[in-house]
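Please look over the sequence and the three-dimensional structure shown here.

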Amino acid sequence: MLKKRASGLLLHITSLPGGFGIGDLGPQAYKFADFLKDSGQKYWQILPLNHTTAKTGYSPYNCSSAFAGNPLLLSPVLLYRQGLLKKNEIRDAPRFPKNYVDYAKVVSYKETLFKIVYGRFKKDAAFEQFKNENAYWLNDFAIFISLRRFFKNQSWYTWPRYARDRRGKEFERLKAKLKTELEYHFVLQYLFFRQWEALKKYCNERDIEIMGDIPIYVVYDSPDVWANPGLFKLNRSKKPKFIAGVPPDYFSRTGQLWGNPIYDWRAIKKTKYKWWMERISHNMELFDLVRIDHFRGLVGYWQVPAGHKNAIKGKWLEGPGEELFETMYKQLPEANIFAEDLGYITDDVREVIAKFEFPTMRVLHFAFDGDPAGNPHIPHNHVKNCIVYTGTHDNNTTQGWYKKDADRQHKKRLNEYLGFKLSSKNVNWHLVRLAMSSVANLSIIPMQDILGLPERARMNHPARKKGNWLWRMEQGKLDNKLAGQLRQLGETYARI
């Protein structure tokens with residue numbers, strides 16, 4: 001349970017400013033931590049840190065591994081300080097856009113740096129210890145990524161059978177042939193987790209906790225499915241029988257068809273939920289508090305036959321529910337999670353949330369729709385054990401929402417609720433104040449709403465495949481005045 005009043009900000013690592021095309025774990029991340037401290041914030045919420053690819057639009061929720069970190073977040077400055085890069089090698093970076101990520105350009109630049117880094121890296125006892133402690137996922141990840149490149153980026157189910165099924169002398173010979181590339185990926189993962197651990201330690205020492213995120217599903221073309229096909233509903237050719245999504249909702253009239261393979265919960269149960277326990281344990285080492293994305297899918301999930309063009313003709317099936325969390329608390333008694341309970345939530349999901357006292361979410365963009373007496377998002381219906389947001393990474397910015405998404409009725413209700421007429425220019429700060437004044441013990445505000453940014457700063461459009469995960473905060477936006485505003489709000493509403 002959330003027992004103390006506090007507040008925090010939502011800003012993904014990729015959205016940090018800096019001169020290398022994408023936010024990273026270097027100096028700007030530490031400056032943001034300092035800003036959090038100065039402004040009285042106790043939490044920094046980020047999106048998943050997992051390895052991403054062009055194939056899925058670099059989505060952190062459609063990542064290529066449930067465990068591996070994203071090397072694009074490695075800081076060239078920190079690698080220079082470590083002696084793995086020279087000053088001229090990071091000084092001669094190409095000119096990148098300031099307010100969005102050009103992923104193709106970033107990948108080209110950083111992969112060039114990574115090859116240099118690998119050539120200079122000296123393996124030591126700490127590196128070997130990292131490999132041993134993480135072998136349960138690291139080996140499969142490195143082999144998979146190396147094989148995918150060897151087979152010219154083709155999906156694993158199209159590989160020769162010995163590689164697809166991971167067996168035989170040919171498979172062993174190919175692994176031996178790719179040994180150098182495997183080590184390359186080991187090194188990048190080692191460096192990534194060392195940089196992350198240092199940043200988290202810096203935040204924790206300043207009384208700032210990191211909130212992470214676990215996407216409920218994994219990508220089909222991933223080491224997780226390739227190495228564990230028996231944990232998913234696949235056919236004899238190891239192609240998905242069914243795929244994940246949600247029925248029609250606020251974001252899409254035809255539902256959202258995510259395309260991820262569906263878990264075979266019967267098979268997973270026979271393993272005593274081993275893979276899931278490893279996954280949760282891994283994330284609890286990385287973060288102080290972990291959100292489970294699409295939490296309801298662990299109680300009941302929407303299954304769509306593979307090949308359908310939208311998610312309308314799916315059906316609800318029962319998930320592991322209470323048993324999964326009972327297993328979790330037996331094996332991981334310190335697990336600290338909260339539930340993403342947005343969308344269509346049924347009584348069985350509410351019962352699981354209530355039994356384990358998981359904190360839940362409230363979103364002010366949803367607060368002025370429907371009956372105010374029964375809407376859980378409207379402030380007078382909030383509870384202490386929840387986290388209130390103006391909007392999430394899936395929502396428009398508050399200014400964009402008020403200008404484009406909120407209809408006349410929504411605006412009328414919001415104006416009446418506050419007692420005065422708003423405009424798109426000031427609506428963000430009024431919703432920030434509304435969130436901070438909530439009885440909810442934790443309020444989290446997206447950085448775009450603190451800065452009062454329009455729709456073009458939106459992070460994600462659910463059900464849209466392109467144009468997501470691009471926004472970056474420009475340099476120089478964090479100053480003492482802004483920190484003071486936030487600190488004053490925190491003091492006013494007893495969150496400091």
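This is a predicted model: local features need pLDDT of at least 70, side-chain atom pairs count only at pLDDT 80 or more; totals for chains, interfaces and linings use all residues.

Residues are numbered from 1 along each chain as its sequence is written, and side-chain values use heavy atoms, with hydrogens and water left out.

The chain contains 19 helices and 12 strands; helices (H or I, at least four residues) and strands (E, at least two) are DSSP runs, numbered from the N terminus. Its radius of gyration is 23 Å, close to the 23 Å that the globule rule gives for 496 residues, so the chain is as compact as a globular protein of that length. That radius is taken over C-alpha atoms, and the rule is 2.2 Å times the number of residues to the power 0.38. Along its principal axes, the C-alpha trace spans about 75 × 55 × 40 Å.

How much of the chain is buried? Of the 496 residues, 59% count as buried, where buried means under 20% relative accessible area, exposed over 50%, and partly exposed in between (1.4 Å probe, protein chains only). The accessible surface comes to about 22,200 Å², and carbon and sulfur atoms contribute 48% of it; these areas come from the Shrake-Rupley method with a 1.4 Å probe, and for residues only the protein chains shown count as cover. Among contacts (heavy atoms within 4.5 Å) with a separation of 6 or more, 73% are between residues 24 or more positions apart.

Charge may be considered next. The chain has 77 positive and 51 negative side chains, and the centres of the two sets lie 5 Å apart. Lys and Arg count as positive and Asp and Glu as negative, without His and the chain ends; each charge is placed at NZ of Lys, CZ of Arg, CG of Asp or CD of Glu.

Helix α12 covers residues 274–286, and its 13 residues reach 19 Å from first C-alpha to last, close to the 18 Å expected at 1.5 Å a residue. The expected span is 1.5 Å times one less than the number of residues. This helix is mostly covered, with 10 of its 13 residues buried, including W275, W276, M277 and R279. N283 also belongs to α12 and is buried, with a relative accessible area of 5%. Leaving out residues up to four places away in sequence, N283 touches D213, I214 and V290.

A244 is part of strand β4 (residues 242–246) and counts as buried at 0% relative accessibility. Beyond its neighbours within four places in sequence, A244 contacts several residues, among them Y217, W258 and W302. A244 and A373 are 129 residues apart in sequence and 33 Å apart in space, C-alpha to C-alpha.

Two loops complete the picture. T390 lies in the loop between β11 (386–389) and α15 (398–405), and T390 is buried, with a relative accessible area of 0%. Not counting residues up to four places away in sequence, T390 touches residues including V363, H365, L431, I444 and D449.

The loop between α6 (135–150) and α7 (161–164) holds K152, which counts as exposed at 73% relative accessibility. N153 is in the loop between α6 and α7 and counts as partly exposed at 48%. Although K152 is not a glycine, it has a positive phi of about 55°; N153, not a glycine either, has a positive phi of about 65°.
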